Amino acid sequence: MRKHTPVWAGLAGLTLALTSCGSDDPMGGGGDDDAGQDGALVVGSQQYYSNTVVAELYAQVLEEAGYEVERDYDIGQREAYMPDLEAGEIDVFPEYTGNLLQYLDEDAEDTGEQEVLEALGETLPEGLTALTPAEAADQDSYTVTPEFAEEHGLESIGDLAEVEEDLTIVANAEFEERPYGPGGASEVYGATVNLMNVEDSGGQLTLNSLLDGDAQLANIYTADPAIEEHDLVVLEDPEEMILPQNMFPLVSSAVDEEAQAALEEVSAALTQEELIALNTSSVDEQASAEDVAETWLVQHELIEPDGSGQEG
Amino acid sequence: MNHLLEAWELLIQADTWTGPTGMGARAWEHLLYTVLAVGVSALIALPAGLAVGHFGRGRNLAVLSTGAVRALPTLGVLTLVGLVVGVGLMAPMVALIILAVPSILAGTYSGAESVDPRVVDAARAQGMSRWQILFAVQIPLGLPLIIGGIRLAVLQVVGTAMLAAYVGAGGLGAPLFLGLRTYDYPLLLAASLVVIALAVLLDIAFGTVQRTARRLMRGPA
């Protein structure tokens with residue numbers, strides 16, 4: 001028996017270690033416990049380069065306005081960071097109107113830009129505020145190659161109904177369940193589209209399957225530099241079927257009016273072209289979020305060069 | 001616990017299993033991919049492992065390369081191959097074969113090596129040819145270890161075949177990714193439970209084969 005004791009002790013220790021990492025939500029990520037102290041504003045971001053660049057824009061304008069800022073980037077999915085936001089451990093987060101609404105209210109059916117905003121205002125948990133969104137949006141799309149668009153005279157999603165051949169769209173798994181997925185295309189536009197799941201969220205594998213002709217359509221997010229690079233055609237959505245995903249700062253009550261004003265200046269300058277340009281410099285030049293954000297903010301006169309302090 | 005109960009309720013509903021994208025079809029795809037990947041891996045690794053075990057040469061190379069290959073992250077391999085060959089079944093097959101070959105190779109050369117050298121010498125003294133020694137002595141006596149290698153490979157592949165769905169090839173990864181992306185945790189868990197069930201069933205089957213082989217090798221005595 002004595003010989004076995006260390007094994008059991010080890011197992012017990014392991015079990016303890018495993019269970020003590022657990023939280024109520026099996027999928028929840030551990031937040032940074034040091035965050036949110038000392039009156040600093042904590043800026044978070046999703047694990048998505050484009051989101052992190054915008055978070056860095058927020059962080060740098062806040063610093064310029066004289067706030068102390070802590071960065072807590074690359075936190076993964078909403079169920080990992082939303083509890084931290086609600087608990088006030090994160091104060092500023094770049095969000096997308098449509099997806100956040102869908103997360104907060106699965107049954108939300110609004111799709112117009114304004115309706116989504118209003119619905120969002122009503123469903124946000126107490127203590128959290130959605131500041132004015134930017135024009136820039138990063139949303140799902142029905143995108144085709146320029147050759148395919150020309151061959152079939154495609155401009156809007158509705159034109160797909162006229163195409164004779166079988167159509168396949170390559171997208172993440174969740175596209176199936178979205179109101180603007182294949183079901184929506186059929187209902188709203190009368191177009192029959194099959195779905196092929198490639199799970200890299202509109203990344204290189206998705207892009208390749210469109211360019212190689214494995215699929216005729218792809219769900220490429222509209223702020224992706226690849227659209228310009230390959231002259232891809234994003235089919236228009238006159239019926240507003242696709243959920244708008246305008247970017248906005250989601251803030252906690254620790255963000256006072258002056259800080260909110262600084263953040264809204266960023267949103268005001270962030271047009272669709274500007275967001276794509278930001279993404280292009282992070283992708284093509286492999287520049288760090290910090291450098292990309294600083295260059296952009298200086299260009300738009302939102303911060304002084306070299307970070308020399310400027311109050312207000 | 002709640003998610004687990006809901007996953008169970010999902011699994012005992014008939015419509016979960018039917019249809020072209022139902023759990024039944026997905027499980028069948030998953031099983032096919034596993035069999036295909038392990039089959040191809042065995043075609044590569046069995047002859048190579050036997051050669052190493054029989055001649056006793058190239059052992060260091062085999063040990064080193066299988067160790068190095070095992071350290072490759074499968075998702076990385078999958079994405080890399082996928083970028084070259086495009087989406088579909090090819091990329092996950094390559095990734096799964098790279099995953100399965102080291103286990104089978106290691107089991108095979110260990111199996112062939114595990115035979116007592118005196119037995120091999122005795123066989124040679126009886127005038128047996130190299131082929132006879134290999135097929136009549138080393139393979140039968142090493143069979144439990146060889147099957148053990150394949151058994152290990154099957155377990156690794158059946159779990160990792162989830163990644164086939166990453167590049168549009170389906171399998172049980174499809175409901176798993178759908179559940180993950182739509183916050184539908186019962187669906188995610190249900191897909192995982194089916195994979196676990198598959199893995200346990202396959203392991204029991206191979207365990208039985210392995211025990212039978214061991215009993216046969218011990219002889220009727």
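UniProt positions are given here in the numbering used for this model, with feature names shortened, and such annotations may be inferred rather than shown by experiment. Begin by selecting residues 27-206 of chain B, which an unreviewed UniProt entry lists as "domain: ABC transmembrane type-1". The model is predicted, local features need pLDDT of at least 70, side-chain atom pairs count only at pLDDT 80 or more, and totals for chains, interfaces and linings use all residues. Residues are numbered from 1 along each chain as its sequence is written, and side-chain values use heavy atoms, with hydrogens and water left out.

In that span, 82% is helix and 0% strand, and its end C-alpha atoms lie 19 Å apart; helices (H or I, at least four residues) and strands (E, at least two) are DSSP runs, numbered from the N terminus.

Next, select the contact (heavy atoms within 4.5 Å), to which chain A gives 22 residues and chain B gives 18 residues. Together the two chains bury about 1,800 Å², of which 62% is on carbon and sulfur atoms; this is the accessible area (1.4 Å probe) lost on putting the two parts together, summed over both.

Now show the side chains of B:Arg181 and A:Glu174, which meet in a salt bridge at 4.0 Å, N to O, where the term requires a side-chain nitrogen of Lys or Arg within 4 Å of a carboxyl oxygen of Asp or Glu. Between chain A and chain B the count is two salt bridges.

Finally, colour helix 3 (78-86), strand 7 (194-197) and helix 8 (204-211) of chain A, the elements that give two or more residues to the side touching chain B. Helix 8 of chain A provides the largest share of that side, four residues.

Note on methods. Chains are lettered from A and ligands numbered from 1 in the order in which they are written.
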